[in-house]
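Reader: I'm new to this one. Could you walk me through it, one piece at a time?

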Amino acid sequence: MALVADFVVERLREWGVNRAYGYPGDGINALVGAFDRADDDPKFVQARHEEMAAFMAGGHAKFTGEVGCCVATSGPGAVHLLNGLYDAKMDHQPVVAVVGQQKTLCLGSHYQQEIALENLFADVSEFCQMIVNPAQARHVIDRAFKTALTTRSVATIILPEDVSQSEAVPSPPRSHGAVYSSVGWSQPRVLPDENELRKAARILNEGEKVAILVGQGAANAEDEVVETAELLGAGVAKALLGREALPDDLPFVTGPIGLLGSKPSDQMIKGCDTLFMIGSSFPYAEWLPAEGTVKGVEIDIDGRMIGIRYPMDAHVVGDAKETLTALLPLLRRKEDRSWREKIEKSVREWNTVLGKRAAQHFDGKINPQSVAQELSERLPDRALVTADSGSGTNWWARHLKLRRGMQASLSGTLATMGPGVPYAIAARFAHPDRPVVAFVGDGAFQMNGMNEMITVKRYAQELAGEAPFVFCVFNNQDLNQVTWEQRAMAGDPKFEGSQHLPDFPYAKYAELVGLRGIYCDDPKKVGEAWEEALASDRPVVLEFVVDPDIAPIPPHIKAEQGKKAAKAMVSDPDNLGIAKRGVRQKLSEYAEHLPGRGR
């Protein structure tokens, strides 16, 4: 006799789910048994924690474009999913979560592990439904997937124990109230309004200094964005979630924008007369032109998000690729290329500055910028690169140059700690033949990343492959990004009680787990360490002991931040080292022949 649990697993397979990330518990005993009977199709991948399973599901969606799936038991298991699901929701990734619930018989009795899951998951989910009748399972599952795909968000299926253990009803009885659903969905063509499109073309044609800002919504429109930028003589800045939208080796790509951004992006935005946003919800108004100073055009597939980041003059709702294809014939090539030439010159100068900054090492410590800089020139073709949240994200964003065919992602909107490692694991499961590199701070690695090295070990045969698989850990014994934020945003010195991290032998831990561990604390051997890691025949934890006092200097320092940072430095325990490093790092923007190494 097939159970509802078996039907659920079979329906997941029909929807194209090859892998469900999760953790078992008695609230989903029947479902776990069904996965066992499914003979790894789909495969149940046991993470070390439900939060990590949800991150893996989101990472799968990000690196494949498919629906990610995660599974958790009732009560605490379900609660643990939430952070990872919010990450998927806020970065617009389709994920379906299947969570257990206590038997319907006892609901409302304050039973053990009884939580009002429909209330709990209501905010994170575009669709959330409990299956209370076996005949209901079919349409609930189908609608969950259709909703996740259509809204590019989270859908949650709640499965009580007694229902999961009931006999499956693949087809409901033909009676009033029965619903007959099917597996299937297709990507719609979202085309722009022609009048709004012509308005956008007029604004862009009239602009003399056009700046383009792209996000992840432009990732499927690389050729069209390049052609648009060429016609308009524009430069292109990239929000962090749009890192893979365009290669970084194009001369007019100015790189990241914002606090973690580049000077060319900042200069372009400050100097433009027309802002053209494509598929981005970049939220920081202080890094965009002042209201009313430039004309604005925006393309976004979601009409709810159009024109809510900057007051736009043309609000073009449509798919980026489809819209740009329709827009291109309406655009006139700008014969005056001085604006473009200025942008390209700025990019060349900035790349020189980044190289100089990365080459500066102080007091025999590794400059964390050099870790990204040295990888950039060695990054294998078709690499998949993840980043966690922390100061390492700055170097990942600025120094690591992506080429065509590479993919990269991080927790963009939620900006949570923790997803760097599980994203990388999911990426590797989905693409076992492609190189995968994760950038993780020691804070995030201690928080939950190092536990997932056990997951890597457990599935070593599937995750090993011939392509490199590297977890790069920045060991600075400091919750470094928050330390710098306290200085610049609150005017407070580093508080050791909250910021200091215990030292831990990450590379040795990897060896203990059965992986490869590589340790580097020598500035002269950073490149050599990368080469060793990228040549390894098994997963690697590459530990760099890095200098915590290299400031993630923003493209320009706002007056209020400067005042607060100066106030913090008066009593900061690292003030002298920070001052020495900061001066030399800043001077690298101006000195033509500044020596590469600090003393």
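This is a predicted model: local features need pLDDT of at least 70, side-chain atom pairs count only at pLDDT 80 or more; totals for chains, interfaces and linings use all residues.

Reader: Which residue stands opposite Val-99 in S6?

Author: Start with the two strands: S4 covers residues 95-101 and S6 covers residues 154-160. They pair in the parallel sense, over seven bridges. Across from Val-99, the residue in S6 is Ile-158.

Reader: Which strands stand at the edges of that open sheet of six strands, and why is one side of each left without a neighbour?

Author: The pairing in this sheet is parallel, and the order reads S2-S1-S3-S4-S6-S5. A strand at the edge has a single partner strand, so one of its sides has no neighbour in the sheet. From one strand to the next, the twist averages 20°. The edge strands are S2 (43-46) and S5 (127-130).

Reader: And helix H2, what angle does its direction make with that of S3?

Author: H2 (residues 29-37) packs on the sheet, where it touches S1, S2, S3, S4 and S6.

Reader: Are H8 and H11 roughly parallel or roughly perpendicular to each other?

Author: H8 is residues 194-206 and H11 is residues 320-327, and their axes are 10 Å apart. Leu-197, Ala-201 and Leu-204 in H8 meet Thr-323, Ala-326 and Leu-327 in H11, and the crossing is right-handed. The packing angle is about 65°, and angles of 65 to 115 degrees count as roughly perpendicular. H8 and H11 are therefore roughly perpendicular.

Reader: Which element gives the most to the largest nonpolar core?

Author: That core has 37 residues, and those with the most contacts inside it include Leu-379, Trp-396 and Trp-530. Among the elements giving two or more residues are H13 (368-376), S15 (436-441) and H22 (526-534). The top contributor, with five residues, is H22.

Reader: How many of the six residues of S15 are buried?

Author: S15 runs parallel to S13, joined by four bridges, and pairs with S16 in the parallel sense over six bridges. S15 is largely enclosed by the rest of the structure, because the buried residues number five.

Conventions. Residues are numbered from 1 along each chain as its sequence is written. Side-chain values use heavy atoms; hydrogens and water are left out. Two strands pair if DSSP finds at least two bridges between them. Axes are lines fitted to C-alpha atoms, for helices over the stretch in contact, and angles run from 0 to 180 degrees between N-to-C directions. Contact means heavy atoms within 4.5 Å. A nonpolar core is a set of buried Ala, Val, Leu, Ile, Met, Phe, Trp, Tyr and Cys residues joined through side-chain atoms within 4.5 Å. Buried means under 20% relative accessible area, exposed over 50%, partly exposed in between (1.4 Å probe, protein chains only). Angles under 35 degrees count as roughly parallel, over 145 as roughly antiparallel, 65 to 115 as roughly perpendicular and the rest as oblique. A crossing is left-handed if the near helix is turned anticlockwise from the far one by less than a right angle, and right-handed if clockwise.
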